[in-house]
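Good morning, and thank you for coming.

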Amino acid sequence: MTQTINFSRGVPDPLSFPVAELQEMTAVALKNDAAKMLQYGPAAGYAPLREFIGSWFGATASNVLIGNGSLELFGFVCEAFLQPGDVVFVESPTYDRAVTILKKHGVQIIGIPVGENGIDIDAFGRALQQHSPKLVYLIPDFQNPTGVCTGLEARKQIAQWSREKNFLIVEDGPYAFLRYHGETIPSIYSIAPDRTLHMCSFTKLISPGIRIGFLLGEEQAIQQVARVAESYYITPGYFSQGVVAEWCSRGLLPLQLERLHNLYRPRLDACVAAIDKYLPGTLIGRPQGGFFASIRLDARIDERELLAAAQEAGLVLTSGNAFFVGDPGYRFVRLPFCALTEAEIDEGVKRLAGVVKKLSA
Ligand SMILES: Cc1ncc(COP(=O)(O)O)c(C=O)c1O
């Protein structure tokens, strides 16, 4: 029987989880600080981890809020800063779960197109002539779902507009440290720390189950979000924060990043090579990191037919339309390469090309 290839979920490869290190750090952390790790504490997070994250990002502990995953923190940010009817700009396509949260807050969501160089800055400028956003949600590094990065000039322009037009930027950066080729691009947070809430997470760096996401920003904004967080859970998961604080204090983060780069780099390369080989001209940008590559197909290919035909060919895909606020105007397919071997990636893209050829005939 043909083995099914799952191109649907952007989850880390379990091979990447530092299990033995976490076992050891759990014992050490409990020995050193059980009374704090197992107790209620400030909603902003376990103090030693706040300090580590603050210095990692060139800030201080008071600029850091740690929560149970970054997605929930985004919900708290929305609750702290948004009112029903407010305008929010997002990239189009963007992370679907963030849009689901925005919809719960009753805001008007405007999608700004993303191309091979990240957000379309001219389209952003035109949208600003028509709307006054309260908040702009962006994933500038190895964006979910496209895999592309927004360049430095566009980041500076957005930072400048945020001052002129008085909007808050939420920069979601869970993939920023997963760069396998090329040079790091400074974050918007580093350009405009007074206008930006930078979100990041240990989900892609250690494991999703550890449930540690964090937010960096000005102290007052951090306190505002911390008050919302406290109203929901009093204290976030100090136990895992204590273990991760110990792990970070041992200098294990740079080693883990190197392991992740070595694991994922050949998978990204395999994915890009397979798209070039089997579906030439469809790749959106040339991803240099993260978990995703993506392709653009003819809008005349019906999405439901595509997903069904892929399934028949032993390929699981997710809906590309789900990443758009409106009609994309083309057929979008996200290809998460992170949890597949190079051989599976090659075979998966080959099967997809077969399906596309059949449906285009
Ligand atoms: C852009 C983006 N933001 C947030 C998250 C959620 O991260 P967490 O597990 O920290 O809630 C994901 C997970 O896939 C993501 O891709």
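This is a predicted model: local features need pLDDT of at least 70, side-chain atom pairs count only at pLDDT 80 or more; totals for chains, interfaces and linings use all residues.

In the side chain of Lys204, an N or O atom is 3.0 Å from an oxygen atom of the ligand. This is a polar contact, defined as a pair of N or O atoms within 3.5 Å. Thr203 also takes part, with a polar side-chain atom 2.7 Å from a ligand oxygen. At Leu71, a polar backbone atom lies 3.0 Å from an oxygen atom of the ligand. The ligand taken alone exposes 400 Å², of which the protein buries 92%; these areas come from the Shrake-Rupley method with a 1.4 Å probe.

Residues are numbered from 1 along each chain as its sequence is written, and side-chain values use heavy atoms, with hydrogens and water left out.

Which residues are closest to the ligand? They are Ser70, Asp172, Tyr175, Ser201 and Thr203, and 13 residues surround the ligand in total; a residue counts here if one of its heavy atoms lies within 4 Å. By class, this shell has five nonpolar, five polar and three charged residues. In this scheme Asp, Glu, Lys and Arg count as charged, and Gly is among the polar residues.

Let us turn to the fold. An open sheet of eight strands runs in the order S2-S9-S8-S7-S6-S3-S4-S5, with mixed pairing. Strands are DSSP runs of E with at least two residues, and helices are runs of H or I with at least four; two strands pair if DSSP finds at least two bridges between them. Which strands form the edges? They are S2 (64–67) and S5 (118–119), each pairing on one side only. S5 pairs with strand S4 (residues 108–115) in the antiparallel sense over two bridges, and Gly118 in S5 is the bridge partner of Gly115.

Finally, the loops. A cis peptide bond, with omega about 10°, joins Ser92 and Pro93. Pro93 is in the loop between strand S3 (87–92) and helix H4 (96–104). The bond from Asn144 to Pro145 is also cis, with omega near 20°. Pro145 belongs to the loop between strand S6 (135–138) and helix H6 (152–165). Phe142 lies in the loop between S6 and H6, and its phi is near 50°, a positive value in a residue other than glycine.

Key. A polar contact is a pair of N or O atoms within 3.5 Å; within protein, one must be able to donate a hydrogen and the other to accept it, and residues adjacent in sequence count only if both atoms are side-chain atoms.
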